[in-house]
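User: Please take me through this structure, beginning with the ligand site and then moving to the fold and some local details.

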Amino acid sequence: MRIFHLSAECYPVAKVGGLADVVGALPKYQNLAGLQAAVVMPYYNRKFVQENEFDTVFQASTLLGTRRLYFEILKEKTDKLGFELYLVKIPGLIDREEVYSYPDETEQFIAFQIAFLDWINYSQQSPDIIHCHDHHSGLVPFLLKHSKLYTRLANTPTVFTIHNGQYHGAFGWDKLAYLPEIDLYKTGLLDWNGAINPLACAVKCCWKYTTVSPTYLYELTINSNGLEYLFYMEHAKGFGILNGIDTEVWDPKTDPMIPKKFSVTQIAKGKQADKEILCTRFDFSPDKPLISFIGRLVVEKGADLIASAMERSFNEHEGKFNFLVLGAGDKETETELLELKSFYPEQCNVFIGYDEALAHLIYAGSDFLLMPSRVEPCGLNQLYALRYGTMPMVRTTGGLKDTVIDFGDEGGYGIRYNNASVEDICDAVSRALVLYENNTQLQSLRKTMMSLDFSWDRSAKEYIDLYKSLTPII
Ligand SMILES: Nc1ncnc2c1ncn2[C@@H]1O[C@H](COP(=O)(O)OP(=O)(O)O[C@H]2O[C@H](CO)[C@@H](O)[C@H](O)[C@H]2O)[C@@H](O)[C@H]1O
């Protein structure tokens, strides 16, 4: 079965967040299960592209409105990622360094989708499934069905995965002309609230949609930035399939990004060694519990609550614990966190920016990982933390609810709280500090955490079952 995954991100080619992790891993595990899964993404002028070799497998020109665009499809020569990787390059439009935030982002993603469709159409390819991820490829299910250019492919089953329902990629009707010839009687399918909304359009037009956790499937009907009613109406098409993690990339026994490797049989020694290295780098005492946060500093992640909650906790538990942040995002939150660091230099440190290797060291060397998310479609950080014996402190929402069980009354292995609030975060910190004092219990919980299995095996199979339900003859 031949599958094309379409995505704006894919680890290690270009990563901004969890979308990259999933698209860099799921196809690999699907191929191990006997499928032929490939990834198609925009070309970014980044390290991976500069350091690897590509063949040009297709060249053509297409139209974006009245603008003629020349494009190439490049294929990575060795398939070393465990899947075929194809890049869509359009000189002057899709050949830049950053993944997002260009003023002509709408044009970039429309052109990406048109170039992909032109390529598979003209080269007479007939994939069994086209699997689109997030709004950046959300117009493909519509174009396949309702553009005269692609009638040969009109019956290709499409699956659309929602990694983040807050971002829709909406744009004004004045840009309709960027789309190739479409059936104008169907333009209502593009619309949500007076704008062209690629996420809404994908949900309406795809054959099936999935969310990255079962709880998030339900939550979209109550909180999806204005699409609640749509998700309610279309819910019969939806499936919640929990993300897995790439256990080859995220393995404390072999991880090249952590100085001291460790396994479930010698957690305490290994973690402590990594913690000492991490603490030396950030001027902390390694004898105190270390709570960390990694992620985009945005309201969705509850990042705006962190500075107030930590200030209160520092005062409540004077000198008793340390707190480290790795992230970037809203400027106001970055400033608040840097101010917190300057007021509590011995207890708090903040690294503003993106650093993959540092993230690995933090998962390995921290005792607790804070995730006070308001919205969390799945969350991968808690799964990485568990794999490295670091206890997640999570708000009960989305995938966090589906993957973390409280160590208290529920007999699990994490800390959970109900509200994204300063009070609940402070309570969680207090619980973490009490647990840290009980070393026997902490070590036993770490063993439980590291023995959990969140690998892709089960989830990859669920996707395959879904694909099979759409292509019964295969
Ligand atoms: N400053 C930084 N430096 C280094 N690494 C950093 C970093 N900030 C974040 N990361 C890394 O980026 C990834 C973030 O994963 P999340 O699941 O939290 O992602 P995100 O919210 O982007 O994704 C969306 O998609 C994913 C995948 O489906 C869902 O799990 C999630 O709930 C949804 O919001 C992790 O690998 C983390 O270590």
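**Ligand site, fold and local geometry**

Analyst: The ligand is surrounded by 26 residues, the closest being Gly17, Gly18, His163, Cys378 and Leu380; a residue counts as near a molecule if its C-beta atom, placed from the backbone, lies within 6 Å of it. Two or more residues of this shell come from each of H1, strand E12 (290-297), strand E13 (322-329) and helix H11 (356-365). Helices (H or I, at least four residues) and strands (E, at least two) are DSSP runs numbered from the N terminus. This is a predicted model, in which local features need pLDDT of at least 70 and side-chain atom pairs count only at pLDDT 80 or more, while totals for chains, interfaces and linings use all residues. Residues are numbered from 1 along each chain as its sequence is written.

User: Which element gives the largest share of the shell around the ligand?

Analyst: By class, the shell holds 11 nonpolar, 10 polar and five charged residues. Here Ala, Val, Leu, Ile, Met, Phe, Trp, Tyr, Cys and Pro count as nonpolar, Asp, Glu, Lys and Arg as charged, and the others, Gly among them, as polar. The largest share, four residues, comes from H1.

User: Which feature does UniProt place at residues 284-437?

Analyst: UniProt positions follow the numbering used here, feature names are shortened, and annotations may be inferred rather than shown by experiment. An unreviewed entry places "domain: Starch synthase catalytic" at residues 2-228, a stretch with 26% helix and 25% strand. Residues 284-437 are 43% helix and 21% strand, with end C-alpha atoms 18 Å apart. The feature that the unreviewed entry gives for them is "domain: Glycosyl transferase family".

User: What is the radius of gyration of the chain?

Analyst: The chain has 16 helices and 17 strands, and its C-alpha trace spans about 65 × 45 × 40 Å along the principal axes. The radius of gyration is taken over C-alpha atoms, and the globule rule is 2.2 Å times the number of residues to the power 0.38. For 474 residues a compact globule would have a value near 23 Å, and the chain agrees with this at 23 Å.

User: Is Asp134 buried or exposed?

Analyst: Asp134 is found in the loop between strand E6 (129-133) and helix H4 (140-146), and has a positive phi of about 60 degrees although it is not a glycine. A residue is buried if 20 or more other C-beta atoms, placed from the backbone, lie within 10 Å of its own, exposed if 12 or fewer, and partly exposed in between. Because Asp134 has 25 C-beta neighbours inside 10 Å, it counts as buried.

User: Is Asn193 buried or exposed?

Analyst: Asn193 lies in the loop between strand E8 (191-192) and strand E9 (195-196). Phi of Asn193 is near 55 degrees, a positive value in a residue other than glycine. With 10 other C-beta atoms within 10 Å, Asn193 is exposed.

User: Which residues is Leu190 in contact with, leaving aside its neighbours within four places in sequence?

Analyst: Leu190 is buried, with 21 other C-beta atoms within 10 Å. Leu190 and Phe142 are 48 residues apart in sequence, yet 7.9 Å apart in space, C-alpha to C-alpha. Contact requires C-beta atoms, placed from the backbone, within 7 Å. Leaving aside neighbours within four places in sequence, Leu190 is in contact with Phe142, Ile196 and Cys201.

How values were computed:
Contact = placed C-beta atoms within 7 Å.
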